[in-house]
Amino acid sequence: MKNLSKILVLFFPFLIFGQGATKKEVNQQVQTWVSLNTVTKFSDHWGVVADAHIRENGFFESNNFYFLRGGVSYIPNASVSLTAGYAHMWLAPTKEGWSTYADENRIYQQAQLITKVGKVSILQRLRNEQRWQEKMVNDEPSGELRFTDRIRYLASFTIPVFSNKKLPSLVLSDELLIHFGKEVVYNTFDQNRLFIGIKQNINPKLSYDFGYMNVYQEKYSGYQYDMNHTIRLFFYLNTAIKHNAPKAPEHHSGDE
């Protein structure tokens, strides 16, 4: 457990940086986030990933976004995967009286590493995204796009609580997101996502995690923030087309 303590100490500055940014105008809101995240291996070292996400305001009171992502993974072993792909978001309007969704297109590249310290499983993921966000004016597309490059680092700890593997494990994770671009002037820090919950296997191929996620996001103004208290339910499905293909590594989304 000494090694785990060292990892947590190294990880702590990310929490401070993400959660401790100076707050000026903070919009507190409750959201619900549900997703399905899949990995399908079609050979010993290659697979296809696909995610589908719905994030709602309140408890399914109104939509916040719909999100689809796909990609191809190179999987040299059970601990490492390299993925690249495309994603699309339909972002619901936040201004009262507006009804038109804004489109966002993005491509992404990521590297993922899974290690173990004692019984604790540690997943680390570094993702780079190039995003083209549609600008809206008076509830209509303006024809202009905002381009940003976003870097994300996720560290997730799955901690067994019970000796019976059929019972849930504790999950603690944090993801820090920073972005760059011509229009990113006041908010290089984009957001931080802190999650605490449980993870449980439904069967050898399907699992889920459920819990509380705090999404703290800085707006482009630099002085406005969203503090989203989020109920999160994510499902994970790992399958293989090739009958004797090794099991795909654990896949975590965290998106969007």
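## A hairpin to start with

Strand 10 and strand 11 form a hairpin with five residues between the strands, and there Gly-222 adopts a positive phi near 90 degrees. Strands here are DSSP runs of E with at least two residues, numbered from the N terminus.

This is a predicted model, in which local features need pLDDT of at least 70, side-chain atom pairs count only at pLDDT 80 or more, and totals for chains, interfaces and linings use all residues. Residues are numbered from 1 along each chain as its sequence is written, and side-chain values use heavy atoms, leaving out hydrogens and water.

## The partners of strand 11

Let's follow strand 11 (residues 224-240) on to its pairings. Two strands pair if DSSP finds at least two bridges between them.

Strand 1 (residues 25-41) runs parallel to strand 11, and the two are joined by 17 bridges. Here Val-34 has its bridge partner in strand 11 at Leu-233.

## The loop between strands 6 and 7

Now turn to the loop between strand 6 (120-137) and strand 7 (140-160), where you will find Asn-138. Asn-138 is not a glycine, yet its phi is positive, about 55 degrees. Asp-139 lies in the loop between strand 6 and strand 7 too, and this non-glycine residue has a positive phi near 70 degrees.

Are these residues buried (under 20% relative accessible area, with a 1.4 Å probe and protein chains only) or exposed (over 50%)? Asn-138 counts as exposed because its relative accessibility is 62%. Asp-139 counts as buried because its relative accessibility is 15%.

Terms used: Helices (H or I, at least four residues) and strands (E, at least two) are DSSP runs, numbered from the N terminus.
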